[in-house]
Amino acid sequence: LVLATTERYEDLLSETNRAIGINPQNAKARFYNGYALTKLDRFEEAIAAYDKALNIDPEYAYAWNNKGFTLNILNRNEEAVDAYDQAIRIDPGYAYALNGKGIALDNLLRSDEAIVAYDTALKIDPKLADVWYNKGNALNKLGQNKIAVDAYNRAIGIDPEYAFAWNGK
């Protein structure tokens with residue numbers, strides 16, 4: 001956890017590999033191994049690591065979420081939606097998974113569905129600037145520019161330095 005929070009991803013990868021060598025059934029070590037691989041842009045390996053964590057613990061919501069995130073990076077959005085749905089099934093209050101699902105849906109040009117996911121996330125935590133920003137993007141794609149500006153303004157109100165929100169506005 002310390003290596004992850006201090007962004008020492010090569011060290012994190014090394015230490016999680018060592019932990020997996022000691023106990024291959026350690027789902028958390030496999031999760032953090034996937035996290036390190038994602039941060040090191042080794043996306044296919046990361047997905048495999050998340051899958052190994054999920055084979056050990058199929059109810060590991062964070063692993064489902066991070067698998068979805070990594071699948072989004074690879075533009076494998078349908079698979080990402082499925083992964084996020086698993087995370088949300090396990091933890092219906094997982095706002096970050098709802099945000100990720102919204103991004104995947106928006107990438108699939110299913111912006112109406114994305115907005116539903118964002119709105120659900122915002123009911124859980126209305127102070128997530130990223131969700132407001134992503135909602136603004138989806139609204140913009142739907143031509144709902146006035147409402148999109150309102151969403152961008154909400155993101156900026158939470159984080160005045162949010163350059164992407166300023167750009168979207």
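Residues are numbered from 1 along each chain as its sequence is written. Because the model is predicted, local features need pLDDT of at least 70 and side-chain atom pairs count only at pLDDT 80 or more, while totals for chains, interfaces and linings use all residues; side-chain values use heavy atoms, with hydrogens and water left out.

Helix 3 comprises residues 27-39. Helices here are DSSP runs (H or I, at least four residues), numbered from the N terminus. The expected span of a helix is 1.5 Å times one less than its number of residues; for the 13 residues of helix 3 this gives 18 Å, which agrees with the 18 Å between its end C-alpha atoms. Ten of these 13 residues are buried, so helix 3 is largely enclosed by the rest of the structure. Buried means under 20% relative accessible area, exposed over 50%, and partly exposed in between (1.4 Å probe, protein chains only). Among the buried residues are Arg30, Phe31, Tyr32 and Asn33. Their cover includes helix 1 (2-5), helix 2 (9-22), helix 4 (43-56) and helix 5 (61-73).

The N-terminal end of helix 3 is capped by Asn26, a side-chain oxygen of which lies 3.1 Å from the backbone nitrogen of Lys28. Just after helix 3, Asp41 adopts a positive phi of about 60°. A positive phi of about 60° is also found at Glu7, although Glu7 is not a glycine. Glu7 is located in the loop between helix 1 and helix 2, and counts as exposed at 56% relative accessibility. Asn75, likewise not a glycine, has a positive phi of about 60°; Asn75 lies in the loop between helix 5 and helix 6 (77-90) and is exposed, with a relative accessible area of 58%.

The whole structure contains twelve salt bridges, each a side-chain nitrogen of Lys or Arg within 4 Å of a carboxyl oxygen of Asp or Glu. In one of them, Asp51 pairs with Lys67, the closest N and O atoms being 2.6 Å apart. Asp51 lies in helix 4 and Lys67 in helix 5, so the pair ties together parts that are 16 residues apart in sequence. Asp51 is partly exposed at 28% relative accessibility, whereas Lys67 is buried at 15%. Another salt bridge joins Arg89 and Glu59 (3.2 Å, N to O). This pair links Arg89 in helix 6 with Glu59 in the loop between helix 4 and helix 5, 30 residues apart.

How values were computed
Helix = DSSP H or I, 4+ residues; strand = E, 2+ residues; numbered from the N terminus. Contact = heavy atoms within 4.5 Å. Polar contact = N/O pair within 3.5 Å; in protein donor to acceptor, adjacent residues only side chain to side chain.
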